[in-house]
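Open the model in your viewer and keep the selection panel at hand. The stops below go from the whole chain to one helix and then to a group of rings.

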Amino acid sequence: RQRQMCIRDSVNTISIEELKNHPYFDWNLSRYLVNYRENHGKFKSVQDLKELRLIDTDLYRKIAPYITL
């Protein structure tokens with residue numbers, strides 16, 4: 001099954017199911033991001049994703065163009 005690109009999805013509202021369809025997010029990373037958001041509140045900037053331990057610099061560069069608030 002081919003994964004679809006999520007174009008400019010809001011990191012503050014996207015669900016695990018929607019996020020895991022992005023080619024750079026698997027189920028674990030999607031769950032981690034959504035759980036982090038639910039526990040710490042909405043992200044204030046896309047750059048806040050760099051603070052998540054599962055998102056390294058390389059991954060951040062790949063996903064940043066597809067993520068918005």
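The tour starts with the fold and then moves to individual selections.

**The whole chain.** This is a predicted model. Show it as a cartoon coloured by secondary structure: there are three helices and two strands, and from the N terminus on the elements run β-α-α-α-β. Switch to a surface, and the chain exposes about 4,700 Å², of which carbon and sulfur atoms supply 44%. Of the 69 residues, 32% are buried. Among contacts between residues at least 6 apart in sequence, 42% join residues at least 24 apart.

**Helix 2.** Select residues 27-40, which form helix 2. This helix has 14 residues, and the distance from its first C-alpha to its last is 20 Å, close to the 20 Å expected at 1.5 Å a residue.

Now look at its ends. After the helix comes G41, with a positive phi near 95 degrees.

Which residues of helix 2 are buried? Select L29, S30, L33, V34 and R37. They cover an arc of only 125 degrees around the axis, so they sit on the same side of helix 2. Then turn to the face directed away from the buried side, where the exposed residues E38, N39 and H40 are found.

**The rings.** A search of the whole structure finds two aromatic pairs. Select Y32 and Y36: their ring centres are 6.5 Å apart and their planes stand at 40 degrees, so this pair is tilted. Both residues belong to helix 2, four residues apart, which is about one turn of the helix. An α-helix has 3.6 residues a turn, so residues three or four places apart point the same way.

Finally, show Y32, Y36 and F43 together: ring pairs link them into a cluster.

Terms used. Residues numbered from 1 in each chain as written. Predicted model: local features only at pLDDT ≥ 70, side-chain atom pairs only at ≥ 80, totals over all residues. Heavy atoms only, no water. Phe/Tyr/Trp six-rings, centres within 6.5 Å; stacked < 30°, edge-to-face > 60°. Expected span 1.5 Å × (residues − 1). Buried < 20%, exposed > 50% of the residue type's maximum accessible area, 1.4 Å probe, protein only. Arc of directions from axis to C-beta. Contact = heavy atoms within 4.5 Å. Areas by Shrake-Rupley, 256 points an atom, 1.4 Å probe, with all protein chains shown as cover.
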